[in-house]
Amino acid sequence: MENSAEEYRIQSLDMDTQMLLKTALKDPSSVNLEKVSDILVDQSLKDQVFSKEAGRICYTIVQAEAKQNNGNVFRRSLLNRLQQEFKSREETRARSLQEWVCLVTFICNIFDYLKVNNMPMVALVHPVYDCLIRLSKPDALMNEEEVDCLVLQLHRIGEQLEKVNGPRMNELFYLLRDGFLLQEGITSMARLLLLEILEFRAGGLGAQRHRPQVLLQ
Amino acid sequence: MSNWTRGKRRETRENEHENGSSGPSRWSHCRKRGVDGSLRANREEDAGREKGGHSDSRNASFTTPEGTGPVSRCGRKADWGTQVENDEMKRDVHRDMQRRRILGAEVTQRERKISSGSSGSCDSKEGEHIETDEAVLLRRQKQINYGKNTLAYDRYIKEVPKHIRQPGVHPKTPNKFRKYSRRSWDQQIKLWKVKLHAWDPPTEEGQDKVLDDIEELGIDDVMDIELDFPDFQNVPASLTTHSCSLEGADDCSGTPVKIQKTETTVQPDLA
């Protein structure tokens, strides 16, 4: 039992919630899947560590539900809740950088894990790009936590993103290049991160080499 | 028309609307899933839940001139959940098409050696007779999915494995890859679904479920109404909609309809 708690990083949740999630993994039709998806989204927005790997537990529940009764209640409510959060992302960013960063991390993580027939979900491609491009805007580049989030996501899913939409990746990198070269007030750490990601892209976004561990913890 | 009756009518409409998505209809106890995909067992949640992202969601997804990819014709279904489902269905259909092409090529070669029958007997195994229009295939697949999304179908496939099935006796899913006219296809689907009803859950089950529903709604008193006419005045208006779902219950066959009619004539007098 403890293994699965660690595996899915749900130790930060209270025991009742952990039980609910574990039941959802084993017997999805016996729980309120809409509530489960809400819990997972809420926790992801609060807990940065959780948001980085929450996609995994979501994926497992989706698979479990599909296998058990060919259903997709969980996936549907998860995606629609995510869509709501995405719609109000600007307010979220204004209210709390931390929450905004968690949201982006979570959306990207979902994009990474929840595939449809082993292909990325088309519906998420533009929203993910919208988020990353937002992180590349001048005001965001001033904040190290936003830059850090941006480079992390590009390392994780950049290659996949470029495959599904190359032009938007170009759009994103024009912003990054301009920011790196022209923008004043960026911290040296942020500049270093940007330089690294620019080189990373020049090298094919990880298609040809392992990703280096240049991350703010 | 008094304010009271106008109010009552609105309330009835609202109740109908609220229950609309999980539709207490005559056949609802046979349907495995509601219109939004959730299993019937979780019906209570359906009614309350708002569908995420109606007309506004379009703004969110359309942040660039190019759209987010496959979006349903009707804009109101642009929520991510639906988009992903449509996407998935498209991929499934494409995969089916590929399989059909591969299988079709293999079998055609074998068939040419052995078969002397008409092309109608080969289940769309010849390339030029296969339906390839994506829109048509998707539409047909959707219709097939509606039929397969029933308790009856689940029970049928468990009860009758494919090798035992007899043509004519056992319903067979129409083959979406064969060329048919629209009308012919729609009729095949209709007949197929009607045949599947033979495997609907037994009426005892259905009746119990309906009776459970009655209790859930807290209208046990309705059962006594046929005996005690004056009690009608105490019955809330929402019953007029719920009593429709009692059609399956043998105990009050006919009575619910009578109750409904009587109630609607009684109510105005109470104004």
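In which strand of chain A does K115(A) lie? The residue belongs to strand β1, which covers residues 115–116. Strands here are DSSP runs of E with at least two residues, and helices are runs of H or I with at least four residues, both numbered from the N terminus.

The model is predicted, so local features need pLDDT of at least 70 and side-chain atom pairs count only at pLDDT 80 or more, while totals for chains, interfaces and linings use all residues. Residues are numbered from 1 along each chain as its sequence is written, chains are lettered from A and ligands numbered from 1 in the order in which they are written, and side-chain values use heavy atoms, with hydrogens and water left out.

The accessible surface amounts to about 9,400 Å², with 50% of it on carbon and sulfur atoms (Shrake-Rupley method, 1.4 Å probe). Where residues at least 6 apart in sequence are in contact in chain A, 68% of the contacts join residues at least 24 apart; contact means heavy atoms within 4.5 Å.

Beyond its neighbours within four places in sequence, K115(A) is in contact with P120(A) and Q160(A). Its side chain also reaches the backbone oxygen of D112(A) at 2.5 Å. Between K115(A) and Y59(A) there are 8.5 Å from C-alpha to C-alpha, although the two are 56 residues apart in sequence.

N72(A) sits between α4 (48–69) and α5 (73–87) of chain A, and counts as buried because its relative accessibility is 18%. Apart from neighbours within four places in sequence, N72(A) is in contact with E65(A) and, in chain B, with E85(B).

In chain B, helix α5 comprises the 15 residues 134–148. At 1.5 Å a residue the helix should span 21 Å, so the 20 Å between its end C-alpha atoms agrees; the expected span is 1.5 Å times one less than the number of residues. At the start of α5(B), a side-chain oxygen of D133(B) comes within 2.9 Å of the backbone nitrogen of A135(B). The buried residues of α5(B) include V136(B), R140(B), Q143(B) and G147(B).

Key. A polar contact is a pair of N or O atoms within 3.5 Å; within protein, one must be able to donate a hydrogen and the other to accept it, and residues adjacent in sequence count only if both atoms are side-chain atoms. Buried means under 20% relative accessible area, exposed over 50%, partly exposed in between (1.4 Å probe, protein chains only).
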